[in-house]
Amino acid sequence: MCIGIPMQVIESGPYWAWCADGEETHRVAMTLLGRQPAGTWLLVFQGPARERMGGARALQVRDAL
């Protein structure tokens, strides 16, 4: 089973983004969503970002995890 993790974009390019997951940063594949502005919340599944989400929803998911 795969669990989506909410991450916030720090820096984005056309094919990847550096995203924050709490204190850690991860390189996330952006091929499904394209370039996103810094501050955008994403739902990330094992590497690629699959969905944009609002800040309130991202915090709800983080609390549930």
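Is Gln 46 buried or exposed? With a relative accessibility of 70%, Gln 46 counts as exposed; the term means over 50% relative accessible area, whereas buried means under 20% and partly exposed lies in between (1.4 Å probe, protein chains only).

The structure is a predicted model, in which local features need pLDDT of at least 70 and side-chain atom pairs count only at pLDDT 80 or more, while totals for chains, interfaces and linings use all residues. Residues are numbered from 1 along each chain as its sequence is written, and side-chain values use heavy atoms, with hydrogens and water left out.

**Strands and the hairpin**

Helices (H or I, at least four residues) and strands (E, at least two) are DSSP runs, numbered from the N terminus. Two strands are said to pair if DSSP finds at least two bridges between them. Strand β4 pairs with β1 in the antiparallel sense over four bridges, and Gln 8 stands opposite Trp 41 of β4. Strand β4 also runs antiparallel to β5 (residues 49–53), to which four bridges join it; here Leu 43 faces Glu 51 in β5.

The hairpin of β4 and β5 has four residues between the strands. Gln 46 is placed in this loop between β4 and β5 and has a positive phi of about 45° although it is not a glycine. As a rule, most residues other than glycine have a negative phi.

**Nonpolar cores**

A nonpolar core is a set of buried Ala, Val, Leu, Ile, Met, Phe, Trp, Tyr and Cys residues joined through side-chain atoms within 4.5 Å. The largest one has nine residues, namely Met 7, Val 9, Ala 17, Cys 19, Val 28, Met 30, Leu 42, Val 44 and Ala 49. At least two residues of this core come from each of β1 (5–12), β2 (16–21) and β4 (41–44). Apart from it lies another core, of six residues, including Leu 43, Phe 45, Met 53 and Ala 58.

Cys 19 belongs to the nine-residue core. Contact means heavy atoms within 4.5 Å. Not counting residues up to four places away in sequence, Cys 19 touches Met 7, Gln 8, Val 9, Ile 10, Glu 24, Thr 25, His 26, Val 28 and Leu 42.

Ser 12 is in strand β1, and Gln 36 is found in the loop between β3 (24–29) and β4. A polar contact is a pair of N or O atoms within 3.5 Å; within protein, one must be able to donate a hydrogen and the other to accept it, and residues adjacent in sequence count only if both atoms are side-chain atoms. A polar atom of the Ser 12 side chain lies 3.1 Å from the backbone nitrogen of Gln 36. The side chain of Gln 36 in turn reaches the backbone oxygen of Leu 33 at 3.1 Å. Leaving aside neighbours within four places in sequence, Ser 12 is in contact with Ala 17, Arg 35 and Gln 36. On the corresponding count, Gln 36 touches Val 9, Ser 12, Met 30, Leu 42 and Arg 52.

Pro 14 lies in the loop between β1 and β2. Its C-alpha atom is separated by 4.7 Å from that of Arg 35, 21 residues apart along the chain. Beyond neighbours within four places in sequence, Pro 14 is in contact with Met 30, Gly 34 and Arg 35.

| Residue | Relative accessible area | Class |
|---|---|---|
| Ser 12 | 16% | buried |
| Pro 14 | 39% | partly exposed |
| Gln 36 | 7% | buried |

**Salt bridge and aromatic pair**

The structure holds one salt bridge, a term for a side-chain nitrogen of Lys or Arg within 4 Å of a carboxyl oxygen of Asp or Glu. The side chains of Arg 62 and Asp 21 form this bridge at 2.9 Å, N to O. The pair links distant parts of the chain, with Arg 62 in helix α1 (residues 55–64) and Asp 21 in strand β2, 41 residues apart. Arg 62 is partly exposed at 28% relative accessible area, and Asp 21 is partly exposed at 23%.

One aromatic pair is found in the whole structure. Rings of Phe, Tyr and Trp (its six-membered ring) pair if their centres lie within 6.5 Å; planes under 30 degrees apart count as stacked, over 60 as edge-to-face and the rest as tilted. The rings of Trp 16 and Trp 18 have centres 6.3 Å apart and planes at 70°, so the pair is edge-to-face. Trp 16 is partly exposed at 25% relative accessible area, and Trp 18 is partly exposed at 34%.
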